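Let's take a walk through this structure. Have the 3D view open and follow along.

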Amino acid sequence: MPKFLQKHLPVTACRGCDAIDSDNGGTIITAPMAKPVLPGSMVSPSVLAFIMENKYNQALPLYRQEASFVNYGIDLSRQNMASWIVQGAEKWLSPLYDRMHTHLKQSPVIHADESPLKVLDEKDKSQSYMWLYATAETSEHPIYLYEYQPSRAKKHPKQFLEGFTGFLQTDYSDVGIRLTSHICRLQSKVNTTICI
């Protein structure tokens, strides 16, 4: 459980200066407050990391985290936690994701796969997809990136891998996924790779 801290800012004053310059209200100086991880929010970096880690690594839904916080006497609504996760991801994780995406496309081999995903908010779509892109197992710096897409259309990996010139290994059934002249696909249930 993260620690919830109460911050106290030091305030200083010069008694000698107050006697000299009493017309301007004295010389009381307060230390500047540290900038919050999310402007206008009370969440600390450790609490935000704790909530995100519980949700995504421990598969602990926000309603259960909300109940857990209540057990500690802390009133945090799941709406606040959801908002913090979205804002935190946009502000702090998007630049990291973009940097990893750039490095992924410089890899000589990328593995790609898509998995069906049910999304509650999409009323007209029965199925969406989560795409996974990963560097080869032998890569010095392994990278795994997920990308949500509303369909399995070939335009999605094409856009995601724009500028990639290496080999793509996938079990994708549509041979028309031509990104470069070096694109390969792994044939389903066959141990050979076909280069297109």
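**A helix, a sheet and a loop**

Start with helix α4, residues 78-105: it lies across β3, β4 (128-135) and β5, and runs at about 110° to β5. Keep in mind as you look around that this is a predicted model.

Now turn to the strands themselves. What is the order of the 4 strands in the open sheet? Reading across, you get β5-β4-β3-β6, with mixed pairing. The edges are taken by β5 (144-149) and β6 (167-170); each has a single partner strand, so one side of each is left without a neighbour in the sheet. On average, neighbouring strands here are turned by 25° against each other, if you ignore direction.

Let's zoom in on β3, which covers residues 109-117 and pairs with β6 in the parallel sense over 4 bridges.

Is E114 buried or exposed? With a relative accessible area of 9%, E114 is buried, because the cut-off for buried is under 20%.

For a contrasting stop, head to the loop between α2 (45-56) and α3 (62-71), where you'll find A59. A59 counts as exposed, because its relative accessibility is 60% and the cut-off for exposed is over 50%. Check its backbone as well: phi of A59 is near 55°, a positive value in a residue other than glycine.

How values were computed
Residues are numbered from 1 along each chain as its sequence is written. This is a predicted model: local features need pLDDT of at least 70, side-chain atom pairs count only at pLDDT 80 or more; totals for chains, interfaces and linings use all residues. Side-chain values use heavy atoms; hydrogens and water are left out. Helices (H or I, at least four residues) and strands (E, at least two) are DSSP runs, numbered from the N terminus. Buried means under 20% relative accessible area, exposed over 50%, partly exposed in between (1.4 Å probe, protein chains only). Two strands pair if DSSP finds at least two bridges between them. Axes are lines fitted to C-alpha atoms, for helices over the stretch in contact, and angles run from 0 to 180 degrees between N-to-C directions. Contact means heavy atoms within 4.5 Å.
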